[in-house]
Amino acid sequence: MAKVSGAKAAPADSGVAAGVSGGTAPVVRDPSVLGGGQAPRIRRTRRSELMIWWREIDRVLLGLVMALVVVGTVAVAAASPASAHRLSTHQKALGDLHFFWLHLRWLAVGLVAMFGASMLPKETARRAAILLAAVMIVGLMLVPVLGSEVKGAKRWILGIQPSEFLKPGFAIAVAWILSWKVRDAQMPVIRLSMGLIGLVSALLMAQPDFGSTVLFCGVWFVLVLLSGLPLSRVAWAMVGGIGIVVAAYLFYPNATHRIDNFISGGAEFDQVDLAMRTLVAGGWTGAGLWLGVRKNALPEAHTDYIFSVIGEEFGLLACGLVVILYCAIVLRVLLRLVDEEDLFTILAATGLVAQLAGQAFINILVNLQLFPSKGMTLPLISYGGSSTIALLLSVGFLLAITRRNPYLTRETFHLGELTRK
């Protein structure tokens, strides 16, 4: 199984030493006078590196992501007045576009992180993501001690939310562990990955953050399933997952509270009901930008319930477009991986896109009153600080991992090879 990376120019000697009549000619430093079939040294400039990056990057995927970013920018502008009015006080009145201007700042930082990460070689991106995961796990350990509490949960430390930045690192770290099976089929990669997800889940539930725990476990299950988990074990894993949810409901107050509110009604369920009513208030084409009324009663209109704001102001057709964009991103990544030969690339890219799509559809289902409230943002659309930067960083890693030289042929890798031994 051959591993193919971007084409690189082989370095040549900077000069030529030729023996003449027992003596040695001086070293020639000017590449233009090199002879004897020797190639001159090729120096990469910033422009040439950008050209290589543009040739190897998945431009369709980049275009889909940027389309979502544009939709998100307009959506935050639509939701900003409602949230600004709700959070204004007698001492400090927030401007209508307060969150919009803040969003542009975070978006600028996130885009720099995305493009910077997308230019990394695959191996460098892998190492950076694993290092990021390690640092964020340490951050999660420190949150109960040094973290600040917001709305009854300790999730922030030094102004960032470690669980958000852990998302890209976690997906790539699990993919890296599972890919060891290619080198040694006897290595207990699934059990090693179970140890990692167990540690992350325990740290998240201590905050408490049941929603993120569900998302991380879902990504882990997708990767384990894709790595060649036998169907008999898949069934046991599903039974185990159901058992964990039941145990969480019985013994974990955060899960009990959310599930009870979803089933029997309550404050959070009332918010979800209000979000659903706001979503359909605009009909098919919407009331128009800044003409929505129901959004003014929505809590977290610029974050958790921004999908409902899109529905009221731009219509259900716009909501359908958002869903199509998410589906197109998933489909594009899967098509990109059809003829991929490297197991790590397959797992890492799938894990990253599963994380993004999973968070998106949980948020959308909450707005549709089909899922308990989770407090998750809509990826690449909702306002956010660390969440916006972390999500764009995830996209940057995804673009880096799926880079390929279009002029090189590739051997096809089949997952069935893992089970032949």
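Modeller: The following dialogue takes several features in turn, each with its general idea and then its case. This is a predicted model, in which local features need pLDDT of at least 70 and side-chain atom pairs count only at pLDDT 80 or more, while totals for chains, interfaces and linings use all residues. Residues are numbered from 1 along each chain as its sequence is written, and side-chain values use heavy atoms, with hydrogens and water left out.

Biologist: How many helices and strands are there in the protein?

Modeller: Helices (H or I, at least four residues) and strands (E, at least two) are DSSP runs, numbered from the N terminus. The protein has 14 helices and 4 strands. Phe216, for instance, belongs to helix α7, residues 210-226, and Ser179 belongs to helix α5, residues 162-179.

Biologist: Is Phe216 buried or exposed?

Modeller: A residue is buried under 20% relative accessible area, exposed over 50%, and partly exposed in between, with a 1.4 Å probe and protein chains only. Phe216 counts as buried because its relative accessibility is 0%. In the protein, buried residues make up 47% of the 421 residues.

Biologist: Which residues does Phe216 touch?

Modeller: Contact means heavy atoms within 4.5 Å. Not counting residues up to four places away in sequence, Phe216 touches Ser163, Leu166, Lys167, Phe170, Ile197, Val200, Leu204 and Gln355. The C-alpha atoms of Phe216 and Gly358 are separated by 9.6 Å, although these residues are 142 residues apart along the chain. For the protein, 73% of the contacts with a separation of 6 or more are between residues 24 or more positions apart.

Biologist: What does the side chain of Thr278 reach?

Modeller: Here the idea is the polar contact: a pair of N or O atoms within 3.5 Å; within protein, one must be able to donate a hydrogen and the other to accept it, and residues adjacent in sequence count only if both atoms are side-chain atoms. The side chain of Thr278, in helix α10, reaches the backbone oxygen of Leu274 at 2.8 Å. Thr278 is buried because its relative accessible area is 0%.

Biologist: Where is Asp342 placed?

Modeller: Asp342 is in the loop between α12 (316-336) and α13 (343-367). Its side chain makes a polar contact with the side chain of Thr345, at 2.9 Å. Asp342 counts as buried because its relative accessible area is 12%.

Biologist: Which residues form a nonpolar patch on the surface?

Modeller: Patches are made of residues with over 30% relative accessible area and no salt bridge; like charges are joined within 9 Å, and nonpolar side chains (Val, Leu, Ile, Met, Phe, Trp, Tyr) within 5 Å. A salt bridge is a side-chain nitrogen of Lys or Arg within 4 Å of a carboxyl oxygen of Asp or Glu. Accessible areas come from the Shrake-Rupley method with a 1.4 Å probe; for residues, only the protein chains shown count as cover. Val70, Val74, Leu289 and Trp290 form such a patch, with about 360 Å² of accessible area together. Trp290 is partly exposed, at 46% relative accessible area.

Biologist: How many disulfides does the count give?

Modeller: A disulfide is a pair of cysteine sulfur atoms within 2.5 Å. By this rule the count is 0.
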